[in-house]
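Here is a report on one protein chain. Please look over the sequence and the model before reading on.

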Amino acid sequence: MTKKPLPFKLDRTNSDSFKSQLVEGIREAIRAGYYRAGDVLPSLGEAAAALKVSDIVVRGAYRTLAAEGLIVSRKGYGSVVHPPKTPIWRGRVLCVSVDFDFNLQQRAIVERLRAHCLWNGYQFAQATTLTDRKGRVDFRELDRALKRPVDFALLIQPKDEIEQRLSRTGIPFAVVGGGADDLPHGCVGWIPTSSEKAVGQFVIKCHRRGVRHVEIVCCKRISSFAERMMNRLEERGIATTIGWVPDVWGVGRVEVTERSGFDFVRRNVRKRKVVWPDLYYVCDDHVARGMLMAFAAFGVRVPEDVRFVCSAMTGFRPVFSKSVAAIVSDPYPNGDEI
């Protein structure tokens with residue numbers, strides 16, 4: 001048996017945890033052939049010293065790799081690489097995405113899921129349900145996928161019509177994002193994302209800081225997210241209203257979306273004059289940018305006159321001033337966690 005050092009360093013600017021980076025780095029080293037069956041990984045102390053992390057991080061990573069069957073603990077040797085001699089077969093996974101013409105976050109999550117499923121012995125298939133401008137869902141691709149054998153399904157975004165469709169198939173499934181007390185038949189649970197967890201923290205901060213009225217600004221397509229947030233705020237005794245902006249499709253979406261945010265504020269200036277909610281929560285960062293431009297044009301100060309929070313995605317968000325808070329999600333770690 002040959003002991004080999006780790007062939008990589010940790011990226012301390014990466015949002016992934018050190019444990020996740022260590023697990024993925026060793027997986028890649030095994031895939032690439034750097035580590036072969038029978039090679040010995042550095043001991044906990046050696047790996048911790050080389051990477052400048054605690055033994056706890058290394059121990060957790062080695063446990064994850066052992067659970068995946070990639071390494072085994074051998075008395076007198078340590079952690080020995082033991083990739084399976086035959087392909088692992090665990091079942092068929094169907095990933096159902098609720099796609100629009102711009103949904104970069106869903107695509108990133110799906111690709112991450114595909115890589116992990118294939119590596120861990122699952123057959124991976126994908127079905128996309130398209131929604132037209134009148135809100136009608138096209139189930140044809142999903143129905144074709146369900147005619148083939150499926151052991152488990154993952155719905156990447158909550159949508160009642162699709163959950164009901166999956167319920168009728170008898171296939172167990174889980175929903176990414178959302179959450180409900182009454183799960184539909186066949187749904188084994190929901191998987192929170194980092195943005196869902198951040199929303200919980202946001203609601204607690206609103207309560208602690210005396211926010212009495214929040215207005216959520218969103219389009220009809222993501223109304224389920226807005227309604228979940230509204231319920232959580234109202235559970236804390238915070239009055240909540242929803243302001244709608246138009247759904248925007250196709251080429252030129254960013255510019256038109258920003259314009260919809262600008263027009264939303266302009267309409268409210270005419271109606272409310274100087275009466276604003278304590279805080280705006282905006283579900284789209286480009287709508288948020290349009291609203292901020294309108295605030296500047298009409299002399300509304302952030303955060304002195306109204307506090308402002310928006311959703312954003314790592315790598316694609318506009319640049320905002322420090323007075324604007326954002327709930328930022330990173331789809332790649334979300335895909336790993338799911």
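Predicted model: local features only at pLDDT ≥ 70, side-chain atom pairs only at ≥ 80, totals over all residues.

Residues are numbered from 1 along each chain as its sequence is written, and side-chain values use heavy atoms, with hydrogens and water left out.

**Sheets**

Helices (H or I, at least four residues) and strands (E, at least two) are DSSP runs, numbered from the N terminus. Two strands pair if DSSP finds at least two bridges between them.

An open sheet is formed by six strands, in the order 5-4-3-6-7-8, with mixed pairing. Its edges are strand 5 (137-138) and strand 8 (187-191), each pairing on one side only. Helix 4 (residues 104-119) packs on this sheet and touches strand 3 (91-99), strand 4 (122-131) and strand 6. The direction of helix 4 makes about 160° with that of strand 4. Touching, or contact, means heavy atoms within 4.5 Å.

Strands 9, 11 and 12 also take part in pairing. The table lists three parallel pairs.

| Strand | Partner | Bridges |
|---|---|---|
| Strand 6 (residues 152-155) | Strand 7 (residues 173-176) | Three bridges |
| Strand 9 (residues 213-218) | Strand 11 (residues 279-282) | Four bridges |
| Strand 11 | Strand 12 (residues 307-313) | Four bridges |

Some residue partners can be named. L154 stands opposite A174 in strand 7. V217 stands opposite V282 in strand 11. L279 has R307 of strand 12 as its bridge partner. From strand 11 the chain crosses through helix 10 (residues 285-298) to strand 12, a right-handed β-α-β crossover. Right-handed here means that, with the strands pointing away from the viewer, the path from the first strand over the helix to the second runs clockwise.

Which way do the side chains of strand 11 point? L279 and Y281 point one way, Y280 and V282 the other, and all are buried. In a regular strand the side chains alternate between the two faces of the sheet. Buried means under 20% relative accessible area (1.4 Å probe, protein chains only).

**Helix packing**

Axes are lines fitted to C-alpha atoms, for helices over the stretch in contact, and angles run from 0 to 180 degrees between N-to-C directions. The axes of helix 2 (44-51) and helix 3 (residues 55-67) come within 8 Å and cross at roughly 115°. L44, G45, A47 and A48 of helix 2 meet D55, V58, R59 and Y62 of helix 3.

Helix 7 (residues 194-208) and helix 8 (residues 223-235) pack at about 35°, with axes 10 Å apart. Contacts from helix 7 include V199, F202 and V203, while those from helix 8 include F225, M229 and L233.

**Two buried residues**

D39 lies in the loop between helix 1 (18-32) and helix 2. D39 is buried, at a relative accessible area of 8%. Its side chain reaches the backbone nitrogen of R36 at 2.8 Å. Not counting residues up to four places away in sequence, D39 touches T2, K4, Y34, S79, V80 and V81.

S329 sits in strand 13 (residues 325-329). S329 is buried, with a relative accessible area of 4%. Leaving aside neighbours within four places in sequence, its contacts are Q105, S194, S195, A312, M313, T314 and N334. S329 and Q105 are 224 residues apart in sequence, yet 8.8 Å apart in space, C-alpha to C-alpha.

How values were computed
Buried < 20%, exposed > 50% of the residue type's maximum accessible area, 1.4 Å probe, protein only. Polar contact = N/O pair within 3.5 Å; in protein donor to acceptor, adjacent residues only side chain to side chain.
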